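I opened this model to look up its strand pairing, ring pairs and charged contacts. My entries are below, in the order I made them.

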Amino acid sequence: MKKNLKYLIIATLLIVAVIIIWLIFNKVDNGKKEFSINDVSMSLKDETLASYTEATFILKNDNNIDMIYGDSYTIEVEKDGKWEKIDVKVDFNGIAYNLKAKSSKEITINWENTYGKLELGKYRLIKNISYEKEKDNYVNFSVNAEFILDED
């Protein structure tokens with residue numbers, strides 16, 4: 001009887017150990033979405049800054065979850081090594097666009113009607129991004145892309 005109990009305990013411990021090892025090597029979906037802010041980026045598309053009034057940017061989502069972004073954006077200018085928001089009154093449509101997991105999307109921004117023709121200098125365009133962490137609980141963050149307007 002004691003011998004059978006000993007084998008039963010050893011077998012149970014082995015089964016528990018196998019389950020723990022399997023859980024370590026195979027992530028189990030516990031309802032939480034894996035996310036890294038470093039896996040969402042925005043960059044200026046080459047050869048699209050033809051005028052001082054618009055450019056095309058690439059939003060890239062390397063996460064395993066979808067992101068949401070809208071039409072709104074902000075432009076800042078670098079002055080004396082510090083970023084300053086360009087003060088304008090802006091109204092944007094409240095449209096939400098989906099940026100699928102593991103995808104990228106090109107967006108063309110024409111800032112002429114809002115910011116006018118920008119002067120020579122270093123700028124960055126900032127867009128707000130969101131994702132649903134839990135049902136009806138969204139996390140917001142920003143991405144930006146720098147660009148330089150020069151005489152070339």
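I am working with a predicted model, in which local features need pLDDT of at least 70, side-chain atom pairs count only at pLDDT 80 or more, and totals for chains, interfaces and linings use all residues. I number residues from 1 along each chain as its sequence is written, and side-chain values use heavy atoms, with hydrogens and water left out.

**Sheet.** I looked up an open sheet of 3 strands and found the order β1-β2-β7 with antiparallel pairing. Its edge strands are β1 (40-44) and β7 (103-110), each of which pairs on one side only. From one strand to the next the twist averages 25 degrees; axes are lines fitted to C-alpha atoms, for helices over the stretch in contact, with angles from 0 to 180 degrees between N-to-C directions. Strands are DSSP runs of E, at least two residues long, and helices are runs of H or I of at least four, numbered from the N terminus. Two strands pair if DSSP finds at least two bridges between them. For β1 and β2 (residues 54-61) I noted 5 bridges in the antiparallel sense. Ser43 has Ile58 in β2 as its bridge partner.

**Aromatic rings.** I noted 6 aromatic pairs in the structure. The rings of Phe, Tyr and Trp (its six-membered ring) pair if their centres lie within 6.5 Å; planes under 30 degrees apart are stacked, over 60 edge-to-face, and the rest tilted. Phe57, Trp111, Tyr123 and Phe147 are linked into a cluster by ring pairs.

**Ser130.** I placed Ser130 in strand β8 (residues 121-134). Is Ser130 buried or exposed? Ser130 has a relative accessible area of 15% and is therefore buried, as buried means under 20%, exposed over 50% and partly exposed in between (1.4 Å probe, protein chains only). Its side chain makes a polar contact of 2.4 Å with the side chain of Asn140. A polar contact is a pair of N or O atoms within 3.5 Å; within protein, one must be able to donate a hydrogen and the other to accept it, and residues adjacent in sequence count only if both atoms are side-chain atoms. Leaving aside residues up to four places away in sequence, Ser130 touches Met67, Ile68, Tyr138, Val139 and Asn140 (contact: heavy atoms within 4.5 Å).

**Salt bridges.** I counted 5 salt bridges, each a side-chain nitrogen of Lys or Arg within 4 Å of a carboxyl oxygen of Asp or Glu.

Glu106 and Lys45 meet in one of them, at 3.0 Å from N to O. Glu106 is in strand β7 and Lys45 in the loop between β1 and β2, so this pair ties together parts 61 residues apart in sequence. Glu106 is partly exposed at 48%, and Lys45 is partly exposed at 29%.

Glu76 and Arg124 form another, with the closest N and O atoms 2.7 Å apart. Because Glu76 lies in strand β4 (residues 74-79) and Arg124 in strand β8, the pair ties together parts 48 residues apart in sequence. Glu76 is buried at 13%; Arg124 is buried at 19%.

For Glu78 and Lys122 I noted a salt bridge with the closest N and O atoms 4.0 Å apart. Glu78 in strand β4 and Lys122 in strand β8 are 44 residues apart. Glu78 is partly exposed at 30%, and Lys122 is partly exposed at 30%. Salt bridges that share partners join Glu78, Lys122 and Glu146 into one network.
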